[in-house]
Amino acid sequence: MTISVEVSAVKNFLSQCTPFNQLTEAQLIAASTDVQIAYYRAGDTTDILDYSSPRLYVVRSGAFEVRDNEGQLLDRVEPGGYFGYPSLLTGHAITNRLVVIEDGLLYQLDEDSFRQLRSASRPFDRFFNQAHAKRLHHAVRFREQNYLLTLRVSDLSSRKAVTAQSVETVAAVARRMTDERVSSVMVVDDNNKLCGLVTDRDLRVRVVSEGRNADTPLSEVMTEDAISVSQESLVFESMLLMTEHNIHHLPVLNEGRPVAMLTATDLIKSQKSDPVFLIGEIGRQQTVEGLQNISRDIPELLRSLIRAEASADQIGRLLTTVTDALTRQLLQQAIEKLGKPPVPFAWLAFGSQGRQDQTAISDQDNGLLVSDAMTQDDDAYFKALATYVNDGLDACGYCYCPGGVMATTDTWRQPLVSWKKQFLSWINQPSSKALMHASIFFDMRCTYGNQKLFHDLQKTVCEAASGNEIFLANLTANALKLTPPMGFFKNFVIDRGGEHKNTFDMKLRGIMPINDIARIYALSVGTEQIHTLERLKEAVSRKLLTLKDARNLIDAHEFISRLRLEHQGERLKEGQKPDNHLDPSTLSSLSRHQLKDAFAVVTDAQSALRVRFTRGLM
Amino acid sequence: MWGADWQFRFTQRRYLRRCNNSVMRSYLQSDFPSRGTDYRQVEYLAVDLEMTGLNSSSDHILSIGFVPIVEQKVVVSGAKHIYINSDQGVGQSAVIHGIHDRDIEEATPLSEAMALLLEALQGKVLLLHCAQLDLAFLQQACKGIYHSSLLVPVVDTMALEDQRLHRMGLERGSESVRLGDCRKRYNLPNYLAHNALIDAVATAELFLAQMRYRFGTHPSALRQILSVR
């Protein structure tokens, strides 16, 4: 061709975007030819959306936010993302506003082109209808019992496809199945498309029992026209298919080509990660080994909660509920073994379990509060009880606390009077050094046993702490030692070397400072709230914080926690140990912006804390 | 080249009197925007040429790519990429442009290519990155085919970038004004491929970005950005 009208830069970009990648070559060329390109600068708002003629906008570069007419954020759009389609679909007037977060190019398609593409391509039409429905449901919050229904086949971690050609012999394929430890292979043709399925059962029924040779080609024994699913199908649909046809293997296809094998075991596993199921199972276990087996599913629970877009707050509460259930079951097993406790006691959870914001990595932080009626001899019983539970938790993946904050440690297994003495010494004779490691104790919750004992202790702590200026000033001085990792030029400050090079610790530098702020406000007025978000809300009702500041902190806490959870989910998926170390260069530019905003909120709140509680004392 | 609108129109009429080629005549008869027009209401044609070398009298054009800008949007449907037929082979420059002799063999004669370009350029401002070089080749082509110079208002994105850097207090030459480097400063994507049409689109996008940075959403007269020589 000597004269070409095809702009490859535009076409190539669109061809990478769903649903444009589903168009035929001719449709794609037509679509890319109709594109108009505009450029906007960060901060632009006024003149982007053409209110007189709705269009489909495709983000080519930069970052954009869609907000409704009240300024509520509806969607954040990055390269390859879309907006403008709701008005095109419904014919309703455009009411949303657009904010440019980062300089960028927008591709625009007018109403005619959009309509033509929708009528020419079913996948294109379906994509935008679904996207529209999703946007409408944006405000609907996650419901825990429902997420299995929305899970897609591609979300389940099933093994990579093991394939074979139909001319291969039964013997060769049986060997490969043994090597790969799979119970089925997918037979593919020369174009790598699925043409049959061979399972363990086929080898037994159609080869061995019919007395066929080991060099029989697969084509003679395979099941042709095997039932399969696309990787976009819902797990729910696959379950129905398996039940309906009484089969245990479902090839997962992408455009006719095998990408994975979904087995009945995968589906059972996916159900196991349902928290309701998990907690029910925990309650039935009579041995530590039983609990240990169940706790292996906790990482999968975390991953499925992340996929289901649960909020970090919800995930923290759910994971803590599981830990609480495990602890309770271990205590019951111990009591079964050791006999009834001689005097009442309360099992205390500290730190993240106390605050109900546990993640994939949680050490144990616990203690035992015993009634003052205990005698010297009773301690042997409680020591045995503590040992059973601490060992059991360690076996279930909650490592022993490196600082020894566990009920097995004598200091943290005491009668009420000694616990009170301990807290009062922290509060009334504070030194920032002694308080440095004590802050987790002020996030305490009773997970089992005598609530009255616990409330007695909590009341003493709250009364002593509230309004105690010297104590609060010391606590604040400690809290201000941990600052967000932001440099003078609004850049991220990262570790320059060592094991965690180029990363920063999201927990230490982002989440802990917010927890500290919430704790200090709570203690200053002696409230019994433990959960960070509840403490912040309480601080608003006590007029310590403005509603706006509290909301900003809550959002920042949620955002950083969410990033941390996603990071941990990624690591779990790759079979690595989850940690808190994030490399900011792996974030999208939009996330980087938002993270900086979140850190700025923390820095402001720390300044406010300094002014209120240290008053020049420190 | 033209200090005021009346001078431009005067030259336009003078060229028209002397010209008997129908393509050039209809080009010269089109209405070009006056210097006081808001730059956002002006239509532009971003053009890029691939040549066998840098000397307009001994080297020749291999391909022309262009794309219009209307209402400050790049209109992809108006884009064209034309390979030029020429007697000489492509030689060494194939390495640079990825154009091979076989592309050229089935290619369009220069006169036809120029006719397409002039048709698209009617009433528009010519937008080039490093205008001097490409303009010399276009002038050479017009002289050869129409025995006439090319009369056209020009905006040079390289000159605009030079001005901007200078205004920011940077010494001339201290920062690269190559197309790709300029684009980076505006967070524009990096195109890996390299041909006349992609570079024309790249120039057009750079221009939109420069205008946003310089004028925001405010109006400004075309004369503020026209290249003066």
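Colleague: Of the residues of chain A, what percentage count as buried?

Modeller: First the rule. A residue is buried if 20 or more other C-beta atoms lie within 10 Å of its own, exposed if 12 or fewer, and partly exposed in between; the C-beta atoms are placed from the backbone. In chain A, 40% of the 618 residues count as buried. This is a predicted model: local features need pLDDT of at least 70, side-chain atom pairs count only at pLDDT 80 or more, and totals for chains, interfaces and linings use all residues. Residues are numbered from 1 along each chain as its sequence is written, while chains are lettered from A and ligands numbered from 1 in the order in which they are written.

Colleague: What does the model score, and what does chain B average in pLDDT?

Modeller: pLDDT is the predictor's confidence in each residue, from 0 to 100. Chain B averages 87, and 89% of its residues score at least 70. The model scores ipTM 0.90 and pTM 0.52.

Colleague: How many helices and strands does chain A have?

Modeller: Both are DSSP runs, numbered from the N terminus: helices are H or I with at least four residues, strands E with at least two. Chain A has 25 helices and 21 strands. Now take contacts: two residues are in contact if their C-beta atoms, placed from the backbone, lie within 7 Å. Among contacts in chain A between residues at least 6 apart in sequence, 72% join residues at least 24 apart.

Colleague: How many residues of chain A are in contact with chain B?

Modeller: The size of an interface is often given as the accessible area lost when the parts come together. Here we count contacts: 27 residues of chain A touch 29 residues of chain B. On the chain A side, the elements giving two or more residues are strand S1 (3-4), helix H1 (8-15), helix H2 (25-33), strand S2 (36-40) and strand S8 (104-109). S2(A) gives the largest share, 5 residues. By type, that side divides into 11 nonpolar, 10 polar and 6 charged residues. Ala, Val, Leu, Ile, Met, Phe, Trp, Tyr, Cys and Pro count as nonpolar, Asp, Glu, Lys and Arg as charged, and the others, Gly among them, as polar.

Colleague: Which strand of chain B is joined to S1(A) by bridges?

Modeller: Two strands pair if DSSP finds at least two bridges between them. S1(A) is joined by 2 bridges to strand S4 (residues 80-85) of chain B, and the two run antiparallel. Find Ile3(A): its bridge partner in S4(B) is Ile82(B).

Colleague: Now a sheet within chain A. Why do S9(A) and S12(A) each have one side without a neighbour?

Modeller: Start with strand order. This open sheet of 4 strands runs S9-S10-S11-S12 in chain A, with mixed pairing. Strand S9 (163-165) and strand S12 (223-224) stand at the edges with a single partner strand each, so one side of each has no neighbour in the sheet. Strand S11 (residues 194-199) of chain A pairs with S12(A) in the antiparallel sense over 2 bridges. There, Gly196(A) has Glu224(A) as its bridge partner in S12(A).

Colleague: Which strands does helix H7 of chain A touch?

Modeller: H7(A) (residues 170-180) packs on the sheet, touching S9, strand S10 (184-188) and S11 of chain A. Its direction makes about 130° with that of S10(A). Axes are lines fitted to C-alpha atoms, for helices over the stretch in contact, and angles run from 0 to 180 degrees between N-to-C directions. Helix H8 (residues 200-208) of chain A also packs on the sheet, touching S10, S11 and S12 of chain A, and its direction makes about 80° with that of S11(A).

Colleague: How do I read the span of H5(B)?

Modeller: The expected span is 1.5 Å times one less than the number of residues. H5(B) (residues 110-121) has 12 residues and reaches 16 Å from its first C-alpha to its last, close to the 16 Å expected. Buried residues in H5(B) include Ala113(B), Met114(B) and Leu121(B). Gly123(B) follows the helix, with a positive phi near 70°.
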